[in-house]
Amino acid sequence: MNPLKISIAVVLLFSFGLFFIGTDGFQAFTAETARTNDLIETQPEFPEVTLEDSHERTYSFSEFEGKHVFITFMYTACTSVCPQLEMNMYNVYKQLPEEAVGEDIVFLSISFDPENDDPETLSTYRGYFESDGETWRMARIPDQKELDRLLEEFGVIVIPDDNGHYTHNSAFYLVNREGNLTDVMDYTKVDEAADKVNAILANEKGV
Amino acid sequence: MQPIIGLIMFLFLMLPPVANLLESIMIFHMHMQMPLIAISGFLMAPFFMEKFPKFFAKWNERGIPGIILFTLVMTYWSIPRAMDDALTMYSVELFKFISLAFLAGVPLRASWMKLTDFWKNAVFVFFTLQYGLMGLIYLMSDSQLCNNYLQSEQITLGWGFLTVAIALLIYLIQLVIIDPSDYE
């Protein structure tokens, strides 16, 4: 082999390795995909936090013990992604069997803007999406430290901008009956998410 | 003289306040800091070329391996994930400086003069297409591609990519339609 061929081979091998390692084997070209893959693998536990919902009830996450919890993170002043996110959540909600909702699975929208999203604001917002406040609850986490811990644990990145808005990543989060995060789903694929949840519920019924 | 300027520039860019400032804005990170690091390597290149002339002569025949290395390293750093990783992992940040200076800037200088016009133009065409494509991706993506930057910054970066692509395109067009010998 002549030096030219060898050096080209070395360069190509190096670059292949670089791209391979840098994208987790051509799986993740954005940090968001990498984060999601990592979460599904590690299945972090939902941390102990105190939630305050639109009915001004406060409780910890163990309120939902023994039930699946379908979670989104949002803030009510959001005009871009969140309405879409919540609307899609509503469409998943509608596709689940009525008897399972509330019994086997609870929907929970968590605000990361506790300052502005008091129970009254959440209650108004709830109305837009026909959330009943029971089987689909909207809540804030008043304690900023607890909120930050949850966001960190679930890899939700929230960057405030100068106008009281936030840039944030969005997804459907599914926590299992034991309180572990088991899936992070693309919030734009409503049917896919609904099918997944339905399959999990049906599977449990079958056993 | 040039290698010393390059080294000073390289070290200056590495200073935490300088790095933080340039990285705080997405388009500065991609289209200012990264090219500047590569330029610092470009300036340092003569030092290595004089020190190891045999190495470059033997392993960088016709400049082809070097220009491929340059192209692929630059391409790697245009992936959104790479930028995020550089901000969250110290090792990746360090690798960014080293790879852009010594695996992009140095090989570019060591290769460019050896390249035939065909290869030079191929490099321009490649970067025109790549920057055009990256520009469209950053502009049209509905989702946030980098977790560390706002979506509005992503659009700015998209326009930055497109602007470079357009400039390269104009260069390529004039290559075809203007004959320099008309003006000599």
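Modeller: Before we start: two residues are in contact if their C-beta atoms, placed from the backbone, lie within 7 Å. And keep in mind that this is a predicted model.

Colleague: Fine. Leaving aside neighbours within four places in sequence, what is B:Ala104 in contact with?

Modeller: By that cut-off, B:Ala104 has B:Ala38, B:Gly41, B:Phe70, B:Val73, B:Met74 and B:Ser99 as contacts.

Colleague: What makes B:Ala104 stand out in the largest nonpolar core?

Modeller: That core has 45 residues, and B:Ala104 is one of those touching the most other members, along with B:Ile37, B:Ala38, B:Val73 and B:Leu100. Helix 3 of chain B gives the largest share, 11 residues.

Colleague: Which residues belong to the other core?

Modeller: That one lies apart and has 44 residues, including A:Ile71, A:Leu85, A:Ile141 and A:Tyr187.

Colleague: Now B:Thr156, in helix 9 of chain B. Why is B:Thr156 called partly exposed?

Modeller: Count the other C-beta atoms within 10 Å: there are 18. Buried takes 20 or more and exposed takes 12 or fewer, so a count in between is called partly exposed. That is why B:Thr156, with its 18, gets the label.

Colleague: Which residues is B:Thr156 in contact with, leaving aside neighbours within four places in sequence?

Modeller: B:Met26 and B:Ile27. As for B:Leu139, it sits 17 residues away from B:Thr156 in sequence, with 7.9 Å between their C-alpha atoms.

Colleague: What about the transmembrane regions in chain B?

Modeller: Those come from UniProt, an unreviewed entry, which puts them at residues 31-50, 62-80, 86-106, 118-139 and 159-178. In the model, 118-139 of chain B is 100% helix and 0% strand, with its end C-alpha atoms 31 Å apart. Residues 159-178 of chain B come out at 95% helix and 0% strand, and there the ends are 28 Å apart.

Note on methods. Residues numbered from 1 in each chain as written. Chains lettered and ligands numbered in written order. Predicted model: local features only at pLDDT ≥ 70, side-chain atom pairs only at ≥ 80, totals over all residues. UniProt positions renumbered as here; feature names shortened; annotations may be inferred. Helix = DSSP H or I, 4+ residues; strand = E, 2+ residues; numbered from the N terminus. Core = buried A, V, L, I, M, F, W, Y, C linked by C-beta atoms within 7 Å.
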